[in-house]
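Me: I would like to go through the strand pairing here and ask what each label rests on.

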Amino acid sequence: MPLFYQESVVQTAFAEITTTTSTTSLTHVDLLTLTITTGANPLLIYVSMSSENSAANGWVEAQLIVSGVVSAGTAYHSTSSGFGNTGSIVWKTPPLTAGSQLIRLQWHVGALIGGSATITPSNGVNHATLYVQEVTV
Amino acid sequence: MPLAGSRDAATPQVRNSAFVEQISDITTTSTTFVDLGNVSITMVTAGAPCVCFFSCSASNATMNNVITSFRLMVDGVAARGTKFTYNTTGGGTTLTYRTGTLAAGSHIFKIQWSVAAGTGRIRALTQIDEGANLLVEEIDR
C-alpha cells in the first residue's frame, strides 16, 4: 500500500533590520513585522536580536505577537553605556486558523533606566531577524 | 498521485544542511575579527537561499564586563553580527540569518569573533556549558 510523503515545511518567510534602528520608547513598539498566508498549520518562529544601550544597566524587552496574541518574550541588559547584549526566542504556535497571519516583534527600553537602544546591522555589528516556517507537524 | 517518498516540486524543502561545532577549547585576545576555531562550513548549493543558525556560549578568562562580538561571513562578506557582554562566568548569544538566493556552486559560511579586552574563551571541550555551533540549511525559497 503506497504511503505519501508528509511535507513538514510548507513555506518560509524572513524579515530583518537592514538599517540602523533605535528606540527610546518605554512601551512596546514594532521592530519587525511579517505577514504570511497560511493553511491551518502551526508556525515555527525564530527571533534573534542584539543591540546596544546608551545607558549603563539599561535594558531591552521584546515580545513576539502572532495574529494579535502575545506569545513569547525576551529581555537583556547592557552593563555599561554603549555595551551590547542579545536575546532570542524559539516559538511554536498551535495550528492557526487558515488565512493571513501578522507576526510582529516589538521592543522597548526598560522604564527604570531608559536610554536609547540601537541596532546597527551594517558590517556585522548587531542584528534583529525574524524567521518563520509554516509546518504541518 | 505521488508515489511513496515523492515530493510536490512546488513545495519548499530543505535541500541540504550542514552542521559544525567547535571541538576544542579556544581563546582569543584579538580586538579585530578573526576566525572562530573550526566553525566554518563549505556547502555546494544548487542556487537557493540558505538559513544560518549560530549559537554560542563563552566567557572571559581575565576580565569582567567585556563585549565580545561575533559575525557571520558568507563568501567573505560580513552578513550580520551579534555581541554580548560577559564576565568570567560567561554568557551566550545567537544569530539567525537568511541569505538571498546564492548562485549555484560552493559557498563558505564561517563565524568570526573578537573581544574588546581580555581573553575571550570558548571551552568547548572541557566545559559543557560553553560552545559554538553553526547550522546551515539550503532551502528552496
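Me: What makes the 4 strands of chain A an open sheet, and in what order do they lie?
Reply: In this predicted model, the strands of chain A follow the order β3-β8-β5-β6 with antiparallel pairing. β3 (29-38) and β6 (69-77) of chain A each have a single partner strand, so one side of each is left without a neighbour in the sheet. Neighbouring strands of this sheet are turned by 15° against each other on average, direction ignored.

Me: How do you know that β5 and β6 of chain A count as paired?
Reply: Pairing requires at least two bridges between the strands. Strand β5 (residues 59-66) of chain A and β6(A) are joined by 8 bridges and run antiparallel, so by the two-bridge criterion they pair. As for individual positions, A:Leu64 stands opposite A:Ala72 in β6(A).

Me: What makes β5 and β8 of chain B a pair?
Reply: Strand β5 (residues 66-74) and strand β8 (residues 105-115) of chain B run antiparallel and are joined by 7 bridges. The cut-off is at least two bridges, so the label applies. One residue pairing is that of B:Leu72, whose bridge partner in β8(B) is B:Ile111.

Key. Residues numbered from 1 in each chain as written. Chains lettered and ligands numbered in written order. Predicted model: local features only at pLDDT ≥ 70, side-chain atom pairs only at ≥ 80, totals over all residues. Axes fitted to C-alpha atoms, helices over the stretch in contact; angles between N-to-C directions.
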